[in-house]
Amino acid sequence: MAEYVHVARLDELPPGERLVVEIRRRWVAIFNVDGQLYAIEDRCTHDDGPLAEGELKGCEIICPRHGARFDIRDGTVLSAPALVNVPSYEIRVVGEDIQIKSG
Ligand code: FES
């Protein structure tokens, strides 16, 4: 059953920053863009590139391996060589805790 799990404290992810956390054997990249939080799997669908290490332009992350682009708001692939969306996760803040829906 899907449930929210604690992944970090809010003060660990200030605006402009990103974190990589492990949730149930998956690496998830979480981003704070101007106070809005987003979470996607930290694995490019082209060839497993570590997306959190890529350049972020607005809400667009550029894979550091071969340059595919994804929208971090929902994981939509925006440019080749990747052709498949990356999974995204619901994320919420409860008090000072950042939580991601996992299931
Ligand atoms: S691994 Fe990301 S573009 Fe190739």
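A residue is called buried if 20 or more other C-beta atoms lie within 10 Å of its own, exposed if 12 or fewer do, and partly exposed in between, with the C-beta atoms placed from the backbone. By this criterion V7 is buried, because it has 22 C-beta neighbours inside 10 Å, whereas G16 is exposed, because it has 11 C-beta neighbours inside 10 Å. The structure is a predicted model, in which local features need pLDDT of at least 70 and side-chain atom pairs count only at pLDDT 80 or more, while totals for chains, interfaces and linings use all residues. Residues are numbered from 1 along each chain as its sequence is written.

The protein chain contains 11 strands and zero helices, where strands (E, at least two residues) and helices (H or I, at least four residues) are DSSP runs numbered from the N terminus. The radius of gyration of the protein chain, 13 Å, is close to the 13 Å that the globule rule gives for 103 residues, so the chain is as compact as a globular protein of that length; the radius is taken over C-alpha atoms, and the rule is 2.2 Å times the number of residues to the power 0.38. Along the principal axes, the C-alpha atoms fill a box of roughly 40 × 30 × 15 Å. Of the 103 residues, 27% count as buried. Two residues are taken to be in contact if their C-beta atoms, placed from the backbone, lie within 7 Å, and among the contacts with a separation of 6 or more, 39% are made by residues 24 or more positions apart.

Two strands are said to pair if DSSP finds at least two bridges between them. Strand β1 (residues 3-9) pairs with strand β11 (residues 97-102) in the antiparallel sense over six bridges, and Y4 has K101 as its bridge partner in β11. Strand β10 (residues 91-94) also runs antiparallel to β11, to which four bridges join it, and I91 has I100 as its bridge partner there. The hairpin of β10 and β11 has two residues between the strands, and in this hairpin G95 takes a positive phi near 65°.

V7 is placed in strand β1. When neighbours within four places in sequence are left aside, V7 is in contact with V21, I23, I30, I98, Q99 and I100.

An open sheet is formed by four strands in the order β2-β3-β4-β9, with antiparallel pairing, and its edge strands, β2 and β9 (88-89), each pair on one side only. Within this sheet, β3 and β4 pair in the antiparallel sense over six bridges, and the bridge partner of F31 in β4 is Y38. F31 lies 7.5 Å from G16, C-alpha to C-alpha, at a distance of 15 residues in sequence, and G16 itself is found in the loop between β1 and β2 (18-23).

Not counting residues up to four places away in sequence, F70 touches I40, L51, I61, G75, T76, V77, L78 and V86.
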